[in-house]
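Work through the exercises below with the model open. Try each task before reading its solution.

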Amino acid sequence: SAPPSQLHSGTRLQAPTKHSITMALTYKALVAALLMAPAAADITLVAFDGSEGAISDFTELNDPVMGGQSSGTFDVAADGTYGIFDGEVKDVPSLSAPGFIKAAADGSFNDASAAIDGSLVLTVRSTTPEYTGFRVSFAAGTTSAAYACSGGGSLPFSRGCFKAQFDVPAGDEFTTVSVPFNMFSDKWSPATGEQTTTCADDSGVCPTADKLSSIQRVEVWAEGALGDVHLEISDIRAVSAAAAPVVPSVELIPDDYKTCSGAVQDGLRYNMSSRTQAYGLAVPVDDGESLAEAVCCDSRVKPYAEPQYTYVAPDISLYEHLDESGVTTFYDSVCGLPLFMAPMNRTLDEFKADTDEHGWPSFRPEEVVEENIVTDEETGYVTSACGTHLGSFLPDAEGDRWCIDLSCVSGNPITVN
């Protein structure tokens, strides 16, 4: 199809004005990124090697429900460098449902508040990687951590124990498993361990920096699934986004499906890098792909989109990051090209209303950086000049509209045109 500059030239701003704004904003963003880069934080909460302030004393607890038959143990390895959580989860006969085992450590843990934008990172290995009921929890701000971590918010005064599920890769070596703090919730079922309200649905159940500053208890669980359990734990840490290792994880996408020119940037804007798992997509992708990698770089997802209204999730909150008195530039999440500038030729409230009506950031012709966008009107696919899939071209009653995945336009500027 014809390039965008030919398709919509009648309604766009004049090129010199667009270029001058783009260059000015790009240079400004480069300077701001250098001045405002967050400090890295890597705080050890649990360790068995004597790390300063780390807790290592765990107590194992079996399912206390009458007739519960699940059982487990927690020991420290002979060399004193890791803990061993071992046991079996069985059905509770009276309930005909799986019970649980868990190991809990109480104490005054190191202040982890500086890592609120990052993840809880477990260094673990397992001889039962097929087990699907691994969970981790931490309690903070509770009157009784033990009570809160039994009720999961379902009992009076039992809020404050935040839980999330995790998987352990197969292998003989210790590996790190990252669970973003925005995947935790302090409302979950004490019968199954499943969250009853997610952080994405209600920010009131999310951990906060204040909570991370005063953790009282850390627990590892095996629940909600039958089977043998063996988990070895070297350490558990709170790691900020800035301290997370930079891994070109786009390589996790098989070559047959990879469409991007390079790796998705680390430290995407609007906290998009925290979406380390591609949850909520219409098609399955490979384990380890982040939301941005799957939506922007995996051809299997190209006909679909990121989950609707991702931009208003409590951990993303796009509108809180927009320039209230000016124009916000959106950059390619891979190569850093400026792609859209909004609002242009309309108010910010009009941009928000357009976006809210459709469920994805929605741009009009005046807001397209035409030299960096390729619009295929036949297929509806929208890509950047460097090959990143961005979303769809979906005209409506108001005219031409670019319906864009925020995951793919959350980059930082690294190229000046």
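The exercises cover salt bridges and one surface patch in this predicted model.

**Exercise 1. Find the partner of Glu-219 and classify both side chains as buried or exposed.**

Step 1. Take the cut-off: a Lys or Arg side-chain nitrogen within 4 Å of an Asp or Glu carboxyl oxygen. Glu-219 meets Lys-102 at 2.8 Å, N to O.
Step 2. Glu-219 is in strand β12 (residues 215-223) and Lys-102 in strand β7 (residues 100-106), so the bridge ties together parts 117 residues apart in sequence.
Step 3. Apply the burial limit, under 20% relative accessible area. Glu-219 has 0%, so Glu-219 is buried. Lys-102 has 3%, so Lys-102 is buried.

**Exercise 2. Which residue forms a salt bridge with Asp-186, and where do the two lie?**

Step 1. The partner is Arg-159, with the closest N and O atoms 3.1 Å apart.
Step 2. Asp-186 sits in the loop between β11 (175-180) and α4 (209-212), while Arg-159 sits in the loop between α3 and β10. The pair therefore ties together parts 27 residues apart in sequence.
Step 3. Compare the accessibilities with the limits. Asp-186 has 4%, so Asp-186 counts as buried. Arg-159 has 34%, so Arg-159 counts as partly exposed.

**Exercise 3. How many salt bridges does the rule give, and which residues do shared partners join into one network?**

Step 1. The count is 21 salt bridges.
Step 2. Follow the shared partners. One network joins Arg-346, Asp-354, Arg-364, Glu-367, Asp-396 and Arg-401.

**Exercise 4. Describe the nonpolar surface patch that contains Leu-155.**

Step 1. List the members: Tyr-147, Leu-155 and Phe-157. Together they have about 360 Å² of accessible area.
Step 2. Leu-155 has 40%, so Leu-155 is partly exposed.

Methods: Residues are numbered from 1 along each chain as its sequence is written. This is a predicted model: local features need pLDDT of at least 70, side-chain atom pairs count only at pLDDT 80 or more; totals for chains, interfaces and linings use all residues. Side-chain values use heavy atoms; hydrogens and water are left out. Patches are made of residues with over 30% relative accessible area and no salt bridge: like charges are joined within 9 Å, nonpolar side chains (Val, Leu, Ile, Met, Phe, Trp, Tyr) within 5 Å. Accessible areas come from the Shrake-Rupley method with a 1.4 Å probe; for residues, only the protein chains shown count as cover. Buried means under 20% relative accessible area, exposed over 50%, partly exposed in between (1.4 Å probe, protein chains only). Helices (H or I, at least four residues) and strands (E, at least two) are DSSP runs, numbered from the N terminus.
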